[in-house]
Amino acid sequence: MIAIIDYGVGNLFSLSHSLTHIGAEVVVTGDDAAIRRADHVILPGVGAFGDAAAKLRATGLDGAVKAIAARGTPIMGICLGMQLLLQKSYEFGEHEGLGLIPGEVQPIAEVIPPDYKIPHIGWNALEIARPHPIFRDIRPGDCVYFVHSFYGAGCGTALLATAEYGAHLTAAVGRGNVVGCQFHPEKSGDVGLKILKAFCEWEGTT
Amino acid sequence: MITKRIIPCLDVKDGRVVKGVNFLGLQDVSSPVKLAEYYSKCGADELVFYDITASAEGRALFTDILRKVASKVFIPLTVGGGINTVDDFARVLNCGADKVSVNSGAIRNPELIPAAAKRYGSQCVVISADVKRVDGGFRVFAKGGREDTGLEAVSWIRRCVDNGAGEVVLNSIDTDGVKGGFDLEMLSAVCDAVSVPVIASGGAGRIEDFVRLFKALPRVDAGLAASIFHFGEVDIHDLKRVLRDNDITVRL
């Protein structure tokens, strides 16, 4: 059973259907016990970091995520959900993240050339920095769909993949049983479905 | 490198795709779900569904169809047509749309774009403008291109972007349906005025028109078309291969 954490941030329609499509058993839930029971957990999210982090704390689900992370349950953060896995964000102020993966959330404006549009929106090729089980079916040049204005900086050895947009922007991170994708696998066609499937079949070890 | 996007646009009325779609080997050519799956397999980067229904029953049917499409096709979906209120945004976003395009609704109600952007984020709000040359200037038209609003197009689009629209679809009425190529002059004026993605619409007749578009205007992010894709005059895979051979980055 895969649990998609519902903490009142964003639209979970496509994500839950994409998982159903690849044959996974899915529950969209904000229930602490259901999340702790799940074999795999996805932390989604769109919008602003501060709001989302506050909602996650207000629902008490930050504790559930930290607990299952410590226990070894495979966890995937998507988009803002990936950013929440990091230590800190500088989006409209300074906010604390879950700290499961090293790194800070910074505006892409600070690293890309001024004539590049913000947000970084559209299909871009994944450049794998470090092989990982979730990328087992990904070939060089495979594209995924991005929509974001902030990125994970300073992720060090947790950096799994980047996308070139005037700078090498963090596209995926991972440490132990926790991974995060800046892009939207549920909107990235067959390539995205392959990544979701590989995640669903991953036992959390690298 | 970010890729240039190719976007087929489907008109939906009472739950069926209209405008005579003519595919070889596709049985139910008016089923939005079948067509969406077909385009997704053919390499479309995104799909636009335009709801041209007038009745409330038609609207309910449309959202039902949208839900079916979004449960089968996992690429970005944009919905337009009949979007007049923030509740209309909610209606289609809850059915799996990723972006919502507003046109006449934004002209009638200047508060629509800021309110929608505040609630759902700019990435979700697309301003779609039908523009035509009048007296040597670019003018915004409403009601499917039938009514001259008197608004100067470039400043109107810039205002929409300042108010929170995260993407612009520029449909040139002057080139639409002519199949003589995109309106490069009009697109250039809009690209110079805004810093968000611009999607070119109106005028594509053959593959070379897309090559010319992206070569002449590197700041254009995407090309949108309807009938040339629906009638199989341009195959999206072929189009993308030609673009790639011309050093234009695409997703293949």
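This passage describes the two chains of a predicted model, their contact with each other, and several local features.

Residues are numbered from 1 along each chain as its sequence is written, and chains are lettered from A, with ligands numbered from 1, in the order in which they are written. In this predicted model, local features need pLDDT of at least 70 and side-chain atom pairs count only at pLDDT 80 or more, while totals for chains, interfaces and linings use all residues.

The secondary structure of chain A consists of 6 helices and 14 strands. Here helices (H or I, at least four residues) and strands (E, at least two) are DSSP runs numbered from the N terminus. Chain A has a radius of gyration of 15 Å, close to the 17 Å that the globule rule gives for 206 residues, so chain A is as compact as a globular protein of that length. The radius is taken over C-alpha atoms, and the globule rule is 2.2 Å times the number of residues to the power 0.38. Along the principal axes, the C-alpha atoms of chain A fill a box of roughly 45 × 40 × 30 Å. Of its 206 residues, 52% count as buried. A residue is buried if 20 or more other C-beta atoms lie within 10 Å of its own, exposed if 12 or fewer, and partly exposed in between, with C-beta atoms placed from the backbone. Among contacts in chain A between residues at least 6 apart in sequence, 69% join residues at least 24 apart. Two residues are in contact if their C-beta atoms, placed from the backbone, lie within 7 Å.

Chain B contains 10 helices and 11 strands. For its 252 residues, a compact globule would have a radius of gyration near 18 Å, and the 17 Å of chain B agrees with this. The box filled by the C-alpha atoms of chain B, taken along the principal axes, is roughly 45 × 45 × 35 Å. Buried residues make up 50% of the 252 residues of chain B. Among contacts in chain B between residues at least 6 apart in sequence, 65% join residues at least 24 apart.

Where the two chains touch, 22 residues of chain B are in contact with 25 residues of chain A. On the chain B side, these residues divide into 9 nonpolar, 8 polar and 5 charged. In this classification Ala, Val, Leu, Ile, Met, Phe, Trp, Tyr, Cys and Pro count as nonpolar, Asp, Glu, Lys and Arg as charged, and the others, Gly among them, as polar.

Two packed helices are described by the angle between their axes and the distance between the axes. In chain B, the axes of helix α3 (residues 86–93) and helix α5 (residues 112–120) come within 9 Å and cross at roughly 45 degrees. This makes α3(B) oblique to α5(B). The crossing of α3(B) and α5(B) is right-handed. In α3(B), B:Val86, B:Phe89 and B:Leu93 meet B:Ala115, B:Ala116, B:Arg119 and B:Tyr120 of α5(B). By class, this contact of α3(B) with α5(B) has 6 nonpolar, no polar and 1 charged residues. Axes are lines fitted to C-alpha atoms, for helices over the stretch in contact, and angles run from 0 to 180 degrees between N-to-C directions. Angles under 35 degrees count as roughly parallel, over 145 as roughly antiparallel, 65 to 115 as roughly perpendicular and the rest as oblique. A crossing is right-handed if the near helix is turned clockwise from the far one by less than a right angle, and left-handed if anticlockwise.

Helix α1 (residues 32–42) of chain B includes B:Tyr38. B:Tyr38 is partly exposed, with 19 other C-beta atoms within 10 Å. Its C-alpha atom is separated by 9.5 Å from that of B:Val73, 35 residues apart along the chain.

In chain A, A:Thr29 belongs to strand β2 (residues 26–29). A:Thr29 is partly exposed, with 19 other C-beta atoms within 10 Å. Leaving aside neighbours within four places in sequence, A:Thr29 is in contact with A:Ala3, A:Asp6, A:Ala34 and A:Ile35. A:Thr29 and A:Asp6 are 23 residues apart in sequence and 5.0 Å apart in space, C-alpha to C-alpha.

Some backbone features remain. A cis peptide bond, with omega about 5 degrees, joins A:Ile118 and A:Pro119. A:Pro119 is in the loop between β7 (104–107) and β8 (120–125) of chain A. B:Asp135, in the loop between β6 (125–134) and β7 (137–142) of chain B, has a positive phi near 50 degrees. B:Asp135 is exposed, with 5 other C-beta atoms within 10 Å.
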